[in-house]
Amino acid sequence: MSLLAHTVQAGTPFLLGTIGEIYAERSGVLNLGVEGMMAMGALTAFMTSFYTGSVGLAILAAMIVGLVLSSIHAFLSITMRANQIVSGLAISILGLGLSGFLGKPMIGMTAPRLPSFSVPVLADMPVIGPILFSQDALLYASILLAVVLWFVLFKTRPGLNARSVGENPAMADSLGLNVYLIRYVCVLFGGAMSGLAGAYLSLLYTPLWIEGMSAGRGWIVIALTIFAVWNPLRALLGAYLFGGVYALQFRLQAIGIGAETPQFLLMLPYLTTICALVLISAESVKRRIGVPAALALPYVRGE
Amino acid sequence: MMDTFLSISAGFNKPYEPIDVIYQTRILNMSQQESKVSRRQFIGGTVGGLVVGGLAGYAAGVSTAPPAVAPGVTATVTETATVPAPAKKIKAGFVYVGPVGDFGWSYGHDRGRKYVARLPWLDTFYAEAIPEPEVGGAIDRMVAEGADVVFTTSFGYMDPTVAAGDKYPDKKFWHCSGYKRSKNVGTYFAEFYQLYYLCGLAAAGVTKTNKIGYVAAHPIPEVIRHINAFVLGARELNPNIECHVVWLFSWFDPGKTRDAAVSLVESQNCDVLAYTEDSPTTLQVAEEYQGKGKPVWSFSHYSDMTTYGPRAHLTGQVVDWGLMYEYILAYQYAQAFRSMDLWWRLGDGGDTVDGWRAADGGVTLAPVNTAIPENVRNLIEKRRGEMRAQIFEPFTGPIKDQDGKLRFATGQRATHDDLWGMDWFVEGVVSKLP
């Protein structure tokens, strides 16, 4: 496995989570529950795969569970107009705790995992064939999804609607858009993607169930969403940058570079986050891009 | 009571009452509850005196001296056995640093708790995922709920546990993996380095590249000792083997572990991976490579993990905390508590037959893969038996460190303190210590 393939694999759960969160935040709802939804998605996928033996069903179930969890957040923050930060944190804590509790019987079990998938013809190419074209299906799907979601968000009317709801909900409402419905759809979609990211972890990346196996990835997704300036294509860049740093930190250690200060190498992902955010901030000031104006603000009709 | 115990630890020439009390009661109670008494329990009852006495001496003199085992004591124990009136029920609290679902450290301790929870004279309860700074509060709550004895199972719980011992002088405390004791605070630990030595032998039996890797959690003496033992084992068979180490700085992180394991295989061409991390991820990575036709091997850690990598699994280190908890609690049930440093290695807590340890006991070797050449498997068995009988010690000189400095002269055995303070790599480890 080359560094490149390793990078893409490590980056995929970040990518899946981030493109979902981008949609939620574009519509004006900050969902800090990604970590919890990821954990529940990972457990659901593993359990479904364990009991039914069907990986496809497992992926579907993980997405549904992510969707259900995010619907709690959607109800609280959109309908009840609760504080989105508090509600999102509650979802994270709930998801982590619940998955730990329900997952007890799954500890130490093995379940069918996602098989790798070779693209016909291309996989037979020398050198790059096995690197690029014999990965798992979910990995290819995530790249495709990022491109499609970028297109939908920026080039189609539903995407424009979602963005306008996140920028100026009152204006969007006056134009006849259903603000609540659009926000619900975006948040639920984000939840489903977080569930899918969890499924990637428990079906493929580390195919087992262990309590807390999302290991903070949900929080990195939140940071990546900002890093990507709410753009699915830049999420691709950010997720693989992170995947690369994850892969690289141990490769450098293994070949003896910085081996006497591995603490520094292990700081790389976080240093990268800080550097990236600094660069992004400078750029967003220059180009006037940034946070959806109505992010984390509940919308109340007629106020 | 105390005097009796001390005399037992000194030799086998005094009456055995407390020990008989412990084991006879245990067998009676267990057999009432369950229809069949296992061989382990039965033997444990008849020769329990041997094991307890041996260990008490062991705890006092630690590693090098084998416990003096006198043949023929078995009969004496059985004859003097008396069944006392049942003592008061004990309530035992367990504090875990991680979730009980980690399939590693805390999971192992909780399995031990469940094992002793079957004892009819014992009530257990636990608190999981307690951060180290908060352990004092957790202990207070447990005592308030009526705990007679509290087990704290993380190194970082050490000072708060000793403090709790002073605060509650009539309660008993046991701290796992630490070194501070007091009148009512004991310490206990299951030691793996001998098993890592056996894993090293297995690694030498299968490696083709002569490069073995180690995914390590934190650079502390325990982990360094395990890496060293692993490398010493491998180099007993093949002195050309070199070992590369990658540090996670985390006890539990499947994602990082995966990245680290892949890096060792890809960047250094290591084909056997040992590890100290609380998940089966390293083994899974090895299995994945096996699936792609590249032979990479790994091990079990804490529990038998064969199912995670049926092809890649060589053997591994497994601990049964239940035996240890039962041993500790039986003392207290017999109202014979004594602050001790229990440090279990191969054979401790196992069955004893005529003074020879027949089973590994609290720490044991996972199933050995038949892909390992037969002569190597035989050597593993041989060394395992020798270590059980304390004839063989992995850290016996001449041992050089990675800079070529002689650390143990020929024939010199590492002492308990040498092992507990180990901060250098043996010859054969390529990576430098952080």
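How many residues does the contact take from chain A and from chain B? It takes 32 residues from chain A and 31 residues from chain B, where two residues are in contact if their C-beta atoms, placed from the backbone, lie within 7 Å. This is a predicted model, in which local features need pLDDT of at least 70 and side-chain atom pairs count only at pLDDT 80 or more, while totals for chains, interfaces and linings use all residues. Residues are numbered from 1 along each chain as its sequence is written, and chains are lettered from A and ligands numbered from 1 in the order in which they are written.

On the side of chain A that touches chain B, the largest share, six residues, comes from helix 11 of chain A; helices (H or I, at least four residues) and strands (E, at least two) are DSSP runs, numbered from the N terminus.

Chain B is divided into three parts, with bounds that come from an automatic or database domain assignment.

| Domain of chain B | Residues |
|---|---|
| Domain 1 | 2-84 |
| Domain 2 | 90-190 |
| Domain 3 | 193-319 + 362-420 |

The centres of domain 2 and domain 3 of chain B, taken over C-alpha atoms, are separated by 30 Å, and their contact takes seven residues from domain 2 and nine residues from domain 3.

In helix 6 of chain B, the buried residues (20 or more other C-beta atoms within 10 Å of their own, these atoms being placed from the backbone) include B:Trp105, B:Tyr107 and B:Val116. The buried residues of helix 6 of chain B pack against several elements of chain B, among them strand 1 (90-95) and helix 13 (321-333).

Terms used: Buried ≥ 20, exposed ≤ 12 C-beta atoms within 10 Å, placed from the backbone.
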